[in-house]
Amino acid sequence: MRTVHQNRANWTDLCDELERHLQQLEIHRSKLQEGPGDESDSCLKALRYYFSTTANLIEIADKASASEEDDKARSSIKRAGMAQMEKGELGRHREMMETAWQLYSIEMKRLIALKVKNVEDQLEAYEKADPTAMSARNPEDGDGMVGPDSMIAYGHRIDLCEEGTRVEILDAIRNWATNFTSTRQIFWLNDAAGTGKSTIAATMANEWSIDNRLAGRFFFSPNSRVTQTTKEFCLFVANDIARHQPSLADTIQHEIKSILSEQHVWFDVQLQRLIIDPIGKLEGDKCTFIVVDGLDNCVLSEERVGLLNSFVRHLPSAPHLKLLLTSRPVQDIADVLASSPLVHGSDIQLLNIRNSHHPDVTYYVEKRLTRISSEHRAMIIAKSGGLFLYAATVCRMLERSRHQTDILKIISDIGVTDKLERRMDILYLSVLKQALIDKNAGDMMMSVLSIIIVAYQPLSSNTISRLLPGNIYVEDFVQDLGGVLKDGHPDRPIKVLHPTFREFILSNEDRANGFLLHSAQSSAAMAYACISTLEHMLEDDLFQLVKLGRLLPRNEDIKEADRLVHQSTTAAERYASAFWAHHVATSEMSQELLSRVTKFLSRKYLNWVELMSWRGSIGLCIEGLSRLRRVAIDQRGSSNNAQDSVIVRHAHQFLVQHQSMIIDSALQTYCMALFFTPPESPLFTEYHERY
């Protein structure tokens, strides 16, 4: 108390903070009272004891106050601080308060420990029970996720059909679209890879958007984590509907908030509440359209089948809604659609191998390649076999390459009788060999390609350069690989132009012929790059928001937090923070990599959690650590692996236990969240002395 009397101003500030602290505990007590079961009772009793002890001290302090004037001027807690008590009596009461607080802390930790396994079991049950359950993230929220993922999901960068091409198939779709009496609500356009399905889908989506008849769209693609699954399909489509049909925006946004608050909603229910029901409220008799492209790019068969079954089930209740669907003729898709009375167009073929003239490809090549001879154009058309992907790849190679003569020679050597896959393989090999001018830079080029191929969302050349600081040729490689990549601008996300290139480079050594990438090894290299990036940038109180003697701010108290994150971090740092754990989980996790993960979690874990809280992406952390935890458990054979897997498990538990607190206040990661972590946790051991 000597210090308190020497500096009353500081003591007054401390009392202010204590008042607010007790207000928060009052809220905590209310929540405990609402909680069911006996597990909360002992914790609630300990909290009541703490409050009664505090109230007793305040009452004694009131009686011992120095003057009535002070009594009127100060709140009860401030009077407790200013009261003139006997030193021994004050010490005794402080010991009582400390004991009460310790009892409450012990009970709270015990309660948390009892609930942890139950929460984990629920999470694992959700993961196993419904692979189509959406994550608790609105695609319109958070940073680093919206731009690249939305551009791919909405097909913004897919070329439209050249005027004068695909006339027959486009007219067939338009006739189906304007047939208001037909009950065939699904137009299924299916054919081989590279036949132009995505271009047709993008063309019709653009046309219907101009006519104000587009509801929403979703382009499945291996270029993004989001577009390889149906988990966020309904959220993306619903937001697209809200943009194209503004009269439905309020209804849809209200339903999105409701569904996100429920955490776990089955796909069929999402489709009904976010898409079917809102569109049913549109006035007028005009049809509206949903475009779903490349369903075969959805990785899991059960998700593809689930999406189709839900549409088949619900479309009849929305007779003015039609679905344009494209895919390769994958068996599970065909099994659902082939016998459905809702389906039209399944017998249409884009690639007519009997028509040697290939009028659409001819028109396309003649328009694109005006600077080469007519003989060379005729050769390219003949070698294409009517495959648009072949023609488009050749056009891009010739337009961007400094070695046109070499490329034309390669094309002339391709046999007309070669299978289409073989023809594309030869083209892809020639693109790669043309890009590798310096034979000593092969490892550098493959490291750039590995990042592009395994990234969970498209990255720009500048971002890749930051993840690979020793690679000085990133931009040169991207430009030289223009025949298979888009885009070459340093700040725009790079997209693999067609899934067949990804399939080729990940296939086998005989086919890739020196350019084979191993997905697991590439993921490990990306994991190292991400962890290294984070180790160099993460620090306590990343944005210097802690003020001495003040309450830690809640996230909502920081205005324009998203802008602050973007100004203070690079795109590479944001990507690394979002997906490092995902890359570790999909790698061939060696003991060396697992040790590196343990080191990161021991030194930078809380800093990482703080950053992800500011980004509004704690759900992504839990998802990544959940995957990583399962892999670590599978590899805990040796004593070292077992020890490393423990800290991974506790890192996951920490977020599961404290996610609501951390989502509310990033900086509480270092305080209340750590305080309520069990002392036996390796995280508590590593961090409690530091904080």
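The model is predicted, so I kept to pLDDT of at least 70 for local features and 80 or more for side-chain atom pairs, while totals for chains, interfaces and linings use all residues. Residues are numbered from 1 along each chain as its sequence is written, and side-chain values use heavy atoms, without hydrogens and water.

I looked up the second largest pocket and noted a volume of about 910 Å³. Of its 45 lining residues, I158, S198, T199, L497 and H498 are the closest to the centre. Two or more lining residues come from each of α7 (146-153), α9, α15 (359-368), α17 (388-400) and β7 (495-496), and α17 gives the most, with five. I sorted the lining into 18 nonpolar, 15 polar and 12 charged residues.

Entry on the helix pair. I then turned to α8 (residues 167-178) and α9 (residues 197-210), whose axes come within 11 Å and cross at roughly 45°. That makes α8 oblique to α9, because angles under 35 degrees count as roughly parallel, over 145 as roughly antiparallel, 65 to 115 as roughly perpendicular and the rest as oblique. From α8, the residues I169, L170, I173, R174, W176 and A177 make the contact with I200, T203, M204, E207 and W208 of α9, contact meaning heavy atoms within 4.5 Å. I noted that the contact residues divide into eight nonpolar, one polar and two charged.

Note on methods. Axes fitted to C-alpha atoms, helices over the stretch in contact; angles between N-to-C directions. Helix = DSSP H or I, 4+ residues; strand = E, 2+ residues; numbered from the N terminus. Nonpolar A, V, L, I, M, F, W, Y, C, P; charged D, E, K, R; others polar. 1 Å grid on protein atoms, 1.4 Å probe; cavity = no way out; pocket = protein on both sides within 12 Å on 5 of 7 lines; lining within 4 Å. Points joined across faces, edges and corners; volume = space filled by probe spheres on them.
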